[in-house]
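This report describes how parts of a protein model meet one another. Please look at the sequence and the structure first.

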Amino acid sequence: MRIAVIGGGIVGSLIARELTRYESAVLLFEKEADIGWGVTKANSAIVHGGLHETPGTERARLCVEGNRLYEELSRDLDVPFKRVGAYVVALSHKELPLLQELYEQGLRNGVPGLEMHDRGTILTREPNLNPNAVAGLWSPSVGITEPWSLAIAAVENGMENGLALHVAEEVTSIEVADGRVQGIVTGEGEYELDAVVNAAGLFADRVAEMAGLLEPVLLPCRGEYLLLDKKVGNFISSALFPTPNKLSKGILVVPTIDGGILLGPTAQDLNREEKEANETTRHGVQEAIEGARRLVPQLDLSFVVKTFAGLRPETTDKKFVIGRTSIIGFFQAAGIRSPGLTAAPSIARFLVRDVIVGDLNLTGKRSFTSTHHKIRKILDLPVEERDRLIEADSRYGRIICQCNHVTEGEIVRAIHRGARNLDGVKFRTCAGFGRCQGGSCTDKILLILARELEISPDEVTLRGGDSTILGGKVRT
Amino acid sequence: MREKVVDVLVVGGGAAGMAAAASAGAQTLLLECDAEVGGVLNQCIHTGFGLHRYREELTGPEFGHRLLGELERSRAEVISGCTVIDIEHHGPVVHAVGPEGRLRIRPKALVWATGAGERPFGSLMTPGPRPAGIFTAGLAQRFVNIHGFLPGKRALILGSGDIGLIMARRLHLEGMEVAAVVEVQPFPGGLTRNVVQCLEDYNIPLLLCHGITEVHGRDRLTGVTIAQVDKSRLPIAGSERHFAVDTLILSIGLIPENELILPFTPIDPVNRGPRVNSLMQTEVPWLFAAGNNVVIFDLVDTVAAVGEMAGASAALYARGELPQERLTRLVRGENVLHLVPSSLVAESPTVLYLRVSRPINAAMVHVGDVISRKQSVVRPSEMIEIHIPQDALRELVKKDEVHVKVTEG
């Protein structure tokens, strides 16, 4: 069996990895220069508990189950995951009935550990919370992670189990004959296939169209964020949510894995054509700030190191589109809007184990290795291990990114594992992700990339395509 | 892992650190995270350095070379390529990592001389996508002057700090087109001589009271929209102008680098550096500080001078010879933004470094009721140095606190 997964986001990556558990040839196609650069890169990085979901829906089931799977998955793939817990905060007595409703909804969804906390408790645990808060719904299973790290680790683990990765290779058509998938054509060539899994994120509707399907229709919704550096200190300890309205979970204040804080997202519906409109706007950033300040009025914006926007794929009925289609061998995991990051592990497991394995009659592989070691931050290693690494290769002692203490050794290893540009290195190692945002290390990383890839420094890009950094040599 | 016990450890091998280590002398270790000492001097190939310290006009590398000579003569040990990653302040014990492995140092005194980092683009919260082609000025300067590569073809420069002005000239001389220098304040951020020599001499326009409202371009920058700003720095509708540029250079400020000492060192929130007395001793007795991590100075000559003071004081402290004097607090009064030191020590040579928050044409600088000095022009871009004579110092230290202010003269 030859199976292609289209889309190297969190969903496609986990599906591809899941497929390598079975006897088959699995190919993963990603149009961008690296894994996880679409919806996966720019979201709240929250593993939700599941209390926001309507009981009885597929989304609620996959969300609660996905949250549970994170524990083992993050351990297996060596990806950071912290159950920081979350408060949904009522800022007035008017919001209390809604909070109570949410509590009961969470219970029906099987969300573990939910508790209603009074004003005194929440303000003791979150002293920077708005003093007008009247109550908080505590959801201890809510976690934070690094979505792009999980996608990269899933692909690398998949590759250890035989996955063939094709990055910077866009699928241009899908061949269907007699109601059955025959293969695909990309910018690089043609592939004969038995099955195709459409996990193309925002672009899954275009991929479905290539197979002749009119569903789903995906509409981008833009969410803008601000990132505060870890210098902000222990300002909050859990994720803070407002009491939600019907449309979205609202603007959140969320701790990040490396100790910073994320504010956002806004929710702006865009046209179907605007799937690359991930620019920030004056209005959006302002809205995110105002929303966050309702929860934490003392927020100090001098810690902001970055603003960014992400697009999430919305379907008209807000449902995930997961499963087989009218075309034999064409499967979909599309319309994966919030809580898609949370649900991704259970989506992959459900689609592969409960649908694809049966339809394609796949048999399990004896040799599957489920654990993977990602590129560790050398300073997180026990000192003895660090000493051994530096002794074996002195580049592990040469710190390039002074903010996050990333060494040349880690950068070189990231390049050898597939990073092809500055963003590739940044998302794989955190070099350039700190308070100076690359101001003091970009030149060093660029020169390492040029050296390792054997290209000229002025050919190095920010993120592939025409995003070259330099304009040519100075006069000699 | 290697262990070292030293009298004085200097962290940072830029101008402040080199001068500190040179004046602290033997039994001193200097750690530099880069492959070579010199810090930002290495990339500043223009002239204008050393007029005070060496009474000559030198380039950055020449100035660094002089300091290196002083450092070598002092017999202080230098380890480069070695980054401090943690400081245990009970002890103190300093942990560093380099290509030779881990290094643990137990110093009697420490001079913190890590300089400053450039404020990143992201902190501006500018609307638009995030294309390639946006550089902080120092990064662009390293690409051009050290690595020999241009950042692009046509540039707009945001911020008229000295680095921005110098980069405008540098890029122009290297054949890039510099469309304009944009400054949000109503006055230039850098030294007047740099405005004249870097912009006016080459007809590069300086647009005051303007800010960036949007960047454009998906892969590589294709343009920047700027607008005039009002008094609260908000863009004025209708005043937008578009520049088709592939490069945006940012000279929007430096941020003192104090990450590792922040957890245990009292910081002056305006200077954004540790509170120091006139001996450059912080409020943690064994910790001394010098250079742009204390406050952003204008001149490397000044940085070297405070480095020397910090190094000499640290060496005295290590030998148990630093006097434990009662301190006189210096308090910011009218029109004083940056102020170093935070307190005075009796009988030590004392220089006050201060920066005003608004320009005045005929000003009077007051230190308590003891010193009143006429100053023809004061502006935020030019730091004021007040050398305090010993007899004045004796009067000043009789008080618990002394107010410093700059008034209309």
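## Domains 1 and 3 of chain A

Across the interface of domain 1 of chain A and domain 3 of chain A, 4 residue pairs are in polar contact, both residues being at pLDDT 80 or more. A polar contact is a pair of N or O atoms within 3.5 Å; within protein, one must be able to donate a hydrogen and the other to accept it, and residues adjacent in sequence count only if both atoms are side-chain atoms. The side of domain 1 of chain A that touches domain 3 of chain A has 4 nonpolar, 1 polar and 2 charged residues. Here Ala, Val, Leu, Ile, Met, Phe, Trp, Tyr, Cys and Pro count as nonpolar, Asp, Glu, Lys and Arg as charged, and the others, Gly among them, as polar.

The model is predicted: local features need pLDDT of at least 70, side-chain atom pairs count only at pLDDT 80 or more, and totals for chains, interfaces and linings use all residues. Residues are numbered from 1 along each chain as its sequence is written, chains are lettered from A and ligands numbered from 1 in the order in which they are written, and side-chain values use heavy atoms, with hydrogens and water left out.

The two domains bury about 710 Å² between them, 51% of it on carbon and sulfur atoms. Buried area is the accessible area (1.4 Å probe) that two parts lose on being put together, summed over both. In domain 1 of chain A, Trp37(A), Trp148(A) and Glu156(A) lose the most area to domain 3 of chain A, together 58% of what that side buries. There are also 3 salt bridges between these domains, a salt bridge being a side-chain nitrogen of Lys or Arg within 4 Å of a carboxyl oxygen of Asp or Glu. Arg428(A) forms a salt bridge with Asp34(A), with 2.7 Å between the closest N and O atoms.

## Chains A and B

Contact (heavy atoms within 4.5 Å) involves 56 residues of chain A and 49 residues of chain B. The two chains bury about 4100 Å² between them, 55% of it on carbon and sulfur atoms. In chain A, Arg282(A), Asp443(A) and Val474(A) lose the most area to chain B, together 13% of what that side buries.

The interface of chain A and chain B has 6 salt bridges. Arg102(B) forms a salt bridge with Asp387(A), the closest N and O atoms lying 2.7 Å apart.
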